[in-house]
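Take a look at the fold below. We will walk through its strands, then its charged pairs.

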Amino acid sequence: MRVLLIGANGYLGRFVADRLLADPAVQLTALGRGDDADVRFDLASGSPGALTRFLDAVHPGVVVNCAGATRGGARELTRHNTVAVATVCEALRRSGCGARLVQIGCGAEYGPSQPGSSTAEDAVPRPGGPYGVSKLAATELVLGSGLDAVVLRVFSPAGPGTPAGSPLGRLAEAMRRAMQSGDGELKLGGLGVQRDFIDVRDVARAVHAASLSAAQGVINIGSGRAVRLRDAAATLARVAGYGGALHELDGSPGPLRATIGHPRGESDHAAPVAYPYPDGCGSWQQADVRTARDRLGWRPRINLEESLADIWMEAACRI
């Protein structure tokens, strides 16, 4: 099976590439903007015609699109998350390869949900920010393309390679700095938010399964369990061996912020810095993952503690 992987150097793409390369039946070609891609191509600025010519030359059976942006203004997010997908869809329609498309979507397309609920694929999407809007627009393009296509709506990925700017990445960095400086107190805010964390390696398994399946439409990929960031912080402290005290700065479910140690006075103690979540999903998000089980034969295998241990291992290497 010839697979064209777009975005192989990204956070998710690296693990998807590893998973596909482990399958001896897969012949993988990587397309991206980096120098180490097999073929250099920028979806946000490249023409559908140029991509069509490449597809006709390589003739893949499956195209997996892991490319996209999670940060930036509305214009940048639209270019990399929506225009890029429009290019892929148009190129596939023009090409004679007849490839199946596996598009990586995200849970942010749903927007805020009712605390205690599980979001199924038939929920009406109401994204709460430009990131979710740009990804939802991409999903609509894929679903309306007439292609053999499936969109995997990935909730909150975690595990090795977790970006330092993500909530779990910031937690690990704050704890690393506390241990490095010997501070016995770590003050954190915004720990009331609850998210459905899914290990990035389980995401890669889902992409592999979707590539081999005939499933179409939208399929949620998550753990099926919302975890309070406060509980993730306690687990991370246990994994890291941090014996200090964890204190919440406030009880609100707002943006994560952190300070370390005790205030030493206004002149030498900076105010906490707020880091807003980019997903616009409010205080709660939990996926209903029954469709992935029924249509892909997929279940998550890696628990959050293992994901956090891998996040900490990478953070600890910076001490």
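Two strands pair if DSSP finds at least two bridges between them. Four bridges join β1 to β4, and the two strands run parallel. Pick out V3 in this pairing: V62 of β4 stands opposite V3. Next comes L4, whose bridge partner in β4 is V63. Keep in mind that this is a predicted model.

Now turn to the other partner of β1. Strand β2, residues 27-32, pairs with β1 over five bridges, again in the parallel sense. Here L5 faces A30 in β2. How does the chain get from β1 to β2? From β1 the chain passes through helix α1, residues 11-21, and then reaches β2. This β-α-β crossover is right-handed.

Go back to β4. In a regular strand the side chains alternate between the two faces of the sheet. Are the faces of β4 covered or open? Both are covered. V62 and V64 are buried on one side, and V63 and N65 are buried on the other.

β4 also pairs with strand β5, residues 100-106. Four bridges join them, and the strands run parallel. In this pairing V63 has L101 of β5 as its bridge partner. Together, β4, helix α3 (residues 74-94) and β5 make a right-handed β-α-β unit.

Next, the charges. Side chains of opposite charge can pair when their charged atoms come close. The model has 13 salt bridges, counted with a cut-off of 4 Å between nitrogen and oxygen.

One of them joins R100 and D148, with N and O 2.7 Å apart. This pair links distant parts of the chain: R100 is in strand β5, while D148 is in the loop between α4 (130-143) and β6 (149-154), 48 residues apart. Are these two residues buried or exposed? R100 counts as buried because its relative accessibility is 4%. D148 has 32%, so D148 counts as partly exposed.

Another salt bridge joins the side chains of R153 and E109, at 2.8 Å from N to O. R153 lies in strand β6 and E109 in the loop between β5 and α4, so the pair ties together parts that are 44 residues apart in sequence. R153 is buried, at 2% relative accessibility. E109 is buried too, at 0%.

Compare E305 and R238. Their closest N and O atoms are 3.4 Å apart, and they form a salt bridge. E305 sits in helix α9 (residues 304-316) and R238 in helix α7 (residues 229-240), so this pair ties together parts that are 67 residues apart in sequence. Here E305 is partly exposed, at 39% relative accessibility. R238 is exposed, at 52%. Salt bridges can also link up: E90, R93 and R94 are joined in a network of them.

Finally, how confident is the predictor? The protein averages a pLDDT of 90, and 91% of the residues score at least 70. Residues 259-276 stay under 50. For this stretch the model has 30 contacts beyond four places in sequence. Where pLDDT is low, the predicted coordinates should not be read in detail.

Key:
Residues numbered from 1 in each chain as written. Predicted model: local features only at pLDDT ≥ 70, side-chain atom pairs only at ≥ 80, totals over all residues. Heavy atoms only, no water. Right-handed = clockwise from strand over helix to strand, strands pointing away. pLDDT = per-residue confidence, 0-100. Contact = heavy atoms within 4.5 Å. Buried < 20%, exposed > 50% of the residue type's maximum accessible area, 1.4 Å probe, protein only.
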